[in-house]
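Have a look at the sequence and the structure first, then read on.

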Amino acid sequence: KDFIAAQGGEHGPNASEYRLDITFAVARRTDDFVSVLVSGSSFTGGAHPNPLTASFVAYTAENRLVSLSDLFTDPAAALKILSDEARAQLQGRFEAQLREQIGEGDKLEPALKEMRDWVARGTEPKAENFAVFLVDGLDSKAIGLTLVFPPYQVAPYVDGAPQVEVPARLFHALLKPEYVTAFHWDTEADRKR
């Protein structure tokens, strides 16, 4: 109602031009977490709708929503780990795409620099850059996080909402005690590191 009223009401001159579409979906579920992904768009004029992306993660043991920083004893250190991993994955993915699209040549280096700068800005270790996340699971245990980057945050609109999976082995040492048993990480892989 508020959206419609702000646009001049149901029968206002622009009412048929404005649109708000939102979808809520349970994206991941473990014994301890339920992650809901919200996607959609609002159209208030222009070339295309404005994308909307959000998430809600419920910690079922206490029946409450948690933010990313709620999970960690040292949120700044956790954000640094997530930032480094997201940046590495995204730059690798986008570099491969650019090399395939552009090929080798004079246009590649400027395109790579622009992409790296865009990814670097969108993955700075700040809470707002990692506000959209899901707790991933396998069977009943959480095994990592999926970071979802809304359109325009790390890439052009055409790339949609890129996602990066971060395994729990990278951040398990920073989990708050109440969340440690909710996550499983590959200790064999840790021993080999």
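## A salt bridge to start with

K126 and E124 form a salt bridge, with 3.7 Å between their closest N and O atoms. The term here stands for a side-chain nitrogen of Lys or Arg within 4 Å of a carboxyl oxygen of Asp or Glu. K126 is partly exposed, at a relative accessible area of 36%, and E124 counts as partly exposed at 31%. The cut-offs go like this: buried is under 20% relative accessible area, exposed is over 50%, and partly exposed is in between, using a 1.4 Å probe and protein chains only.

Bear in mind that this is a predicted model, in which local features need pLDDT of at least 70 and side-chain atom pairs count only at pLDDT 80 or more, while totals for chains, interfaces and linings use all residues. Residues are numbered from 1 along each chain as its sequence is written, and side-chain values use heavy atoms, with hydrogens and water left out.

## The overall layout

How many helices and strands does the protein chain have? There are five helices and seven strands, and along the sequence they come in the order α-β-β-β-β-α-α-β-β-β-α-α. These elements are DSSP runs numbered from the N terminus: helices are H or I with at least four residues, strands are E with at least two. Of the 193 residues in the protein chain, 34% are buried.

The salt bridge count comes to seven. One of them joins R116 to E95, whose closest N and O atoms are 3.4 Å apart. That pair links distant parts of the chain, as R116 sits in helix 3 and E95 in helix 2 (residues 75-102), 21 residues apart. R116 is partly exposed at 31% relative accessible area, and E95 also counts as partly exposed, at 22%.

Another salt bridge runs between D117 and K113, with the closest N and O atoms 2.7 Å apart. These two are four residues apart in helix 3, which means about one helical turn separates them. D117 is partly exposed, with a relative accessible area of 33%. As a rule, side chains of opposite charge can pair when their charged atoms come close.

Which residues of helix 3 are buried? They are L108, A111, L112, M115, W118, V119 and G122. These residues cover an arc of only 130° around the axis, so they lie on the same side of helix 3. The arc is taken from the directions from the helix axis to the C-beta atoms. On the other side of helix 3, P110, K113 and E114 are exposed.

## Strands 6 and 7

Strand 6 (residues 141-148) pairs with strand 7 in the antiparallel sense over five bridges; pairing calls for at least two DSSP bridges between the strands. G144 stands opposite P167 in strand 7. Strand 7 (residues 163-167) has V164 and V166 on its covered face, and Q163, E165 and P167 on its uncovered one. In a regular strand, side chains alternate between the two faces of the sheet.

A142, found in strand 6, counts as buried at 0% relative accessibility.

L20, I22, F24, L52, F56 and L65 make a nonpolar surface patch of about 560 Å². Strand 1 (19-29) and strand 3 (50-59) are the elements that give two or more residues to the patch, and strand 1 gives the most, with three. F56 is in strand 3 and is partly exposed at 39% relative accessible area.

## Two residues with positive phi

N63, in the loop between strand 3 and strand 4 (64-66), has a phi near 50°, a positive value in a residue other than glycine. N63 is exposed, with a relative accessible area of 72%. Y152, in the loop between strand 6 and strand 7, has a positive phi too, near 80°. Y152 is partly exposed, at 40%.

Notes. Patches are made of residues with over 30% relative accessible area and no salt bridge: like charges are joined within 9 Å, nonpolar side chains (Val, Leu, Ile, Met, Phe, Trp, Tyr) within 5 Å. Accessible areas come from the Shrake-Rupley method with a 1.4 Å probe; for residues, only the protein chains shown count as cover.
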